[in-house]
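Please open the model in the viewer and keep the sequence at hand.

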Amino acid sequence: MGDQRTRNLAQWLRWQEESHPKSWDLGLERIGRVWQALGGRSIAEHVVIVAGTNGKGSCVRWCEALAVEHGISVATFTSPHLHDYRERIRFDGEYVDPDELVSAFEAIDTARGETTLTYFEWAALAAFYLMVQRKPQLAVLEVGLGGRLDAANLIDADAAIITRIGLDHQDWLGQDVETIACEKAGVMRARQTVALADQHPPQAIFDQAKALGAKLWTRRDVLSVRATDDGFALDVPGFSAKLPQPQQMPGVHQHGHLAACIAVLAQWFTLEPEKVAQVIRRTAHMGRLMWYKHPKHGADWLLDVAHNQDSAEVLRDFLAPLKQHYGKVWCVCGMLRDKAHQDVFAMLKDVVDQWVLCGLDGPRGYSAAQLGIAAGDAGIASAQVQTVSDSTAALQAVEYGAEQGDLVVVMGSFVTVAEVLERLNEYE
């Protein structure tokens with residue numbers, strides 16, 4: 001495509017953002033044609049696909065860390081990214097070299113002909129293309145939106161992990177949890193092993209598994225998780241051990257993620273309890289219940305990309321027992337236009353004392369004033385709400401207002417968390 005051949009990675013990514021008329025264009029026909037033109041070959045010895053509303057990124061991170069610790073070559077595809085596009089495509093936990101990505105984009109550009117692709121589809125094809133070149137023992141693919149029609153579902157996975165399912169992206173996926181679950185269940189294949197991380201999955205998951213003859217592993221039967229005094233006991237097919245509490249990825253919801261990930265990997269690889277314990281102690285995931293120590297500010301900081309009602313519930317449950325240990329809980333929040341803003345505020349209103357709402361730019365952006373209206377509709381008093389133009393102003397507001405002994409939570413969009421984290425890192 002002419003001058004495309006001379007573009008560096010940053011130029012390619014800018015061009016891809018505008019190269020397709022829709023930011024999301026669900027369906028496998030276009031990307032399928034391009035993938036077949038690229039050869040459509042096997043991407044790894046074993047492939048796991050991860051679907052769900054919340055917790056997908058954590059599961060990908062756990063699978064990756066477990067594989068690396070055991071010397072298993074692993075490739076991951078995940079989205080979105082916080083700081084660096086190459087967070088989306090990693091091999092053995094390391095970012096892909098920019099030149100490799102450029103070469104992949106050039107190959108895709110040649111193969112696609114007149115077919116246009118979304119930004120996400122370019123990323124997915126680049127991940128698949130590079131995995132074919134390296135042929136890892138394990139590939140872990142995170143669904144971007146939905147499941148059935150998502151680009152990640154182009155690959156026939158050997159196993160699936162389905163996480164907690166809630167309301168999000170209703171304009172694309174449906175207006176109720178069961179309808180959304182039908183779309184998520186579209187990643188299943190006949191006679192495939194499917195591990196469910198959530199304790200209470202929707203009925204649609206069971207119905208689809210039965211129709212396909214898939215082997216369903218649930219928390220009700222096969223995936224046993226039991227709390228202990230200093231951690232939890234796990235008993236799943238191929239692995240049984242007493243394990244410590246996750247340190248860098250906190251929250252009891254991670255027990256279900258670990259049960260599903262370990263059970264799936266133990267089908268193919270021997271996992272050692274001490275190595276698993278080491279992974280649980282030290283593995284972190286940027287922007288997910290992530291503690292941060294501000295170098296110049298005495299308050300504790302917690303960053304989390306909770307941006308829908310379901311993830312807000314997880315954040316609330318995490319904050320509730322902590323609240324008594326802090327003078328005041330502040331919350332910096334910026335959310336995109338297509339989120340259930342009022343529901344998120346309603347979920348968190350009892351664990352947050354002071355809100356600093358910031359606007360986000362772009363076609364999916366939402367102003368602080370609009371967020372303020374949603375907060376009021378959720379029953380949050382106007383005295384508890386401050387609206388500012390952007391994340392920079394929000395950061396300044398909490399740095400001025402919060403005191404030592406307070407807790408500052410930054411949540412909402414990936415964009416909000418990424419912007420605040422970038423500015424915090426500038427202090428170091």
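How much space lies in the second largest cavity? It holds about 40 Å³. This is a predicted model, in which local features need pLDDT of at least 70, side-chain atom pairs count only at pLDDT 80 or more, and totals for chains, interfaces and linings use all residues. Residues are numbered from 1 along each chain as its sequence is written, and side-chain values use heavy atoms, with hydrogens and water left out.

To view the second largest cavity, select its lining, which includes Ile162, Arg164, Leu196, Asp198 and Ile205. A cavity is a set of points on a 1 Å grid over the protein atoms alone where a 1.4 Å probe fits but cannot get out; a pocket is an open set with protein on both sides within 12 Å along at least five of seven lines; lining residues have an atom within 4 Å of a point. Grid points are joined across faces, edges and corners, and a volume is the space filled by probe spheres set on them.

Next, turn to the largest cavity, with about 80 Å³ of space. Of its 11 lining residues, Asp25, Leu26, Phe120, Glu121 and Ala151 are the closest to its centre.

Proceed to the second largest pocket, whose volume is about 260 Å³. Among its 17 lining residues, Arg61, Thr78, Glu87, Arg90 and His285 are the closest to the centre.

Finally, select Gln208, which touches Ala185 and Met188 (heavy atoms within 4.5 Å), not counting residues up to four places away in sequence. The C-alpha atoms of Gln208 and Leu13 are separated by 37 Å.
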